[in-house]
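Please look at the sequence and the structure before reading on.

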Amino acid sequence: MAAHEETEADTEAVKRHRALFRAVRRRKNPPLRRTDITVTDEAAVKRAVKAASLGNAMEWFDFGIYSYLAVTIGHVFFPSGNDTVQLVSSFATFAVSFLVRPIGGMVFGPMGDKIGRKKVLALTMILMAVGTLAIGLIPSYATIGFWAPVLLIFFRLVQGFSTGGEYGGASTFIAEYAPDKRRGYFGSFLEMGTLAGYTGAAGLVLILNSALGSDSMESWGWRIPFLVAGPLGLVGLYLRLRLDETPAFQKMEDATFHSASEGASTVETTAKGDLAKIFRDHWPKLVLCIALVGAYNITDYMLLSYMPTYLSDELGYDDSHGLLILIATMVILMLIITQVGRLSDRFGRKPLLMTGMVGFLVVSIPAFLLIKQGSLIAVSGGMLLLGLSLVCLLGTMSATLPALFPTSVRYGSLSVGYNLSASLFGGTAPLVITSLISITGTDMIPAYYSMAAAVVGVIAVACMKETAQKPLEGSPPSVETKEEAAEMVEAQTPAPKF
């Protein structure tokens, strides 16, 4: 009898333990409720994408102008002498702005996690417009001597500082507005804005070169693109200030949401914006972000910023012809980039990113051999080969990078990782390539440099997790319709047992 009572007691204890375990598990993984799911407003999503993308286009218009006027700026702001020295000095000034980009990321990123994405994106827009406008007003070296390059470097630092908060904020903004199943598509518009900014800058420089000639361009014509930045900055600022804060950030900040939805444990409750926390708790993802961005930025700046200079200085191509070919390439990429975003939603981010990285690994040498042929068809073909590899990265990266980090530190982590990598690898690419060509005497350096970046990229993509069609970490699921939300809740409801 005693043994029987002991067995019953043991059974009751086991039952209690099991019940307690189930209760704890339910608290850790609570069933998804309808109120936990964000149903996106398509009109609001489109407004957010338009404002972020157009603002991004204007920022990169400002930033791209310098790249396409590098040769002219070298003549205007640095003492006369060896053309290569002037060009290297000009690209060194281009690279200088990237030195402060990580600082800008460390300031603006955590600020965006504290006070919101919208306010910080408006501030970066103002700083970029002011910096670019000021460069257009600096007197030449012949007029004020030493102070001309000093002022140029200072305002390039202002540009770089503001850019430190741009990409991380803009990509976070779109990613947090977009529904989970279409984040790649909407994110691709951000890089369409980048291409549009570069295309606008290259087009304006091309028109001015053709209309004014080299003497007038060096005398005063180079200032026009920089002076256009002021009005464009005001337009971008207006668009950004009209937007609401992202749904993910609002829910993170809304205490009533958390108290009413105890089950929504996946939504972060605070936004500390703590840099130490980012480096301490999220360093593996930070390293992955730096590797992805490094591979992507080297190929990006090599093709979109450095290539016109390569064509004119190394291959003797006419400045206008080089810009015209680049513009045509970028227009083609703009036409297909949103389709790449759609493909990343359907098949995943990793397959598209791996295609782009392997593409650079395989086609870089053939592409540059084609470009070296010098004919219009050969140069265009080589540029297009590189461009098609790049668009696989451009159309996918804006949805990939924000998904690496949780909501509470997304803006800060992405800004820090992106800008550290851009500073070390992206902005220095034109300077490193120009210097290596000068040292080695081989004009195939850009191909080898791109291939080295692609090797790093292949490893990074292999190490990352697939994030397509999944909620952002630390944010609730985001869907397009109430019906889709209801289906999601119903799908996780266990079938009744009879």
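## Basis of the description

Helices (DSSP runs of H or I, at least four residues) and strands (DSSP runs of E, at least two) are numbered from the N terminus. By that rule E166 belongs to helix 9, and the protein has 23 helices and two strands.

The model is predicted, so local features need pLDDT of at least 70 and side-chain atom pairs count only at pLDDT 80 or more, while totals for chains, interfaces and linings use all residues. Residues are numbered from 1 along each chain as its sequence is written, and side-chain values use heavy atoms, with hydrogens and water left out.

## Confidence

The predictor gives each residue a confidence from 0 to 100, called pLDDT. The average pLDDT of the protein is 79, and 82% of the residues score at least 70. Confidence is highest in helix 18 (residues 349-373), with a mean of 93, and lowest in helix 14 (residues 255-260), with a mean of 43.

Two stretches stay under 50. One is residues 23-28, where the model has one contact (heavy atoms within 4.5 Å) beyond four places in sequence. The other is residues 255-273, where the model has 47 contacts beyond four places in sequence. Where pLDDT is low, the predicted coordinates should not be read in detail.

## Burial and contacts overall

A residue is buried if its relative accessible area is under 20%, exposed if it is over 50%, and partly exposed in between (1.4 Å probe, protein chains only). Of the 498 residues in the protein, 56% count as buried. Among contacts with a separation of 6 or more, 85% are between residues 24 or more positions apart.

Helix 3 (residues 70-77) has six buried residues out of eight, so the rest of the structure largely encloses it. Those buried residues are A70, T72, I73, G74, V76 and F77.

Two packed helices are described by the angle between their axes and the distance between the axes. Axes are lines fitted to C-alpha atoms, for helices over the stretch in contact, and angles run from 0 to 180 degrees between N-to-C directions. Angles under 35 degrees count as roughly parallel, over 145 as roughly antiparallel, 65 to 115 as roughly perpendicular and the rest as oblique. A crossing is left-handed if the near helix is turned anticlockwise from the far one by less than a right angle, and right-handed if clockwise.

The axes of helix 2 (residues 42-68) and helix 9 (residues 166-177) cross at roughly 165° and come within 9 Å. Helix 2 is therefore roughly antiparallel to helix 9. Their crossing is left-handed. From helix 2, A44, V45, A48, V49, A52, S53, G55, N56 and E59 meet E166, A170, F173, I174 and Y177 of helix 9. This contact has nine nonpolar residues (Ala, Val, Leu, Ile, Met, Phe, Trp, Tyr, Cys and Pro), two charged (Asp, Glu, Lys and Arg) and three polar (the others, Gly among them).

Is E166 buried or exposed? E166 is buried, at 0% relative accessibility. Beyond its neighbours within four places in sequence, E166 is in contact with G55, N56, E59, L121, T124 and R240.

L54 lies in helix 2 and is partly exposed, with a relative accessible area of 36%. L54 and M192 are 138 residues apart along the chain, and their C-alpha atoms are separated by 9.1 Å.

Helix 10 (residues 183-221) and helix 19 (residues 376-400) have axes that come within 7 Å and cross at roughly 120°. That angle makes helix 10 oblique to helix 19. The crossing is right-handed. In helix 10, R183, G184, G187, S188, L190, E191 and L195 meet L394, G395, S398 and A399 in helix 19. By class, this contact has five polar, four nonpolar and two charged residues.

The axes of helix 21 (residues 429-440) and helix 22 come within 9 Å, crossing at roughly 130°. Helix 21 is thus oblique to helix 22, and the crossing is right-handed. A429, V432, I433, L436, I437 and T440 in helix 21 meet I445, P446 and Y449 in helix 22. Here eight residues are nonpolar, one is polar and none is charged.

## A loop residue

Most residues other than glycine have a negative phi. Q469 has a positive phi, near 60°. Q469 sits in the loop between helix 22 (445-463) and strand 2 (478-479). Q469 is partly exposed, with a relative accessible area of 41%.
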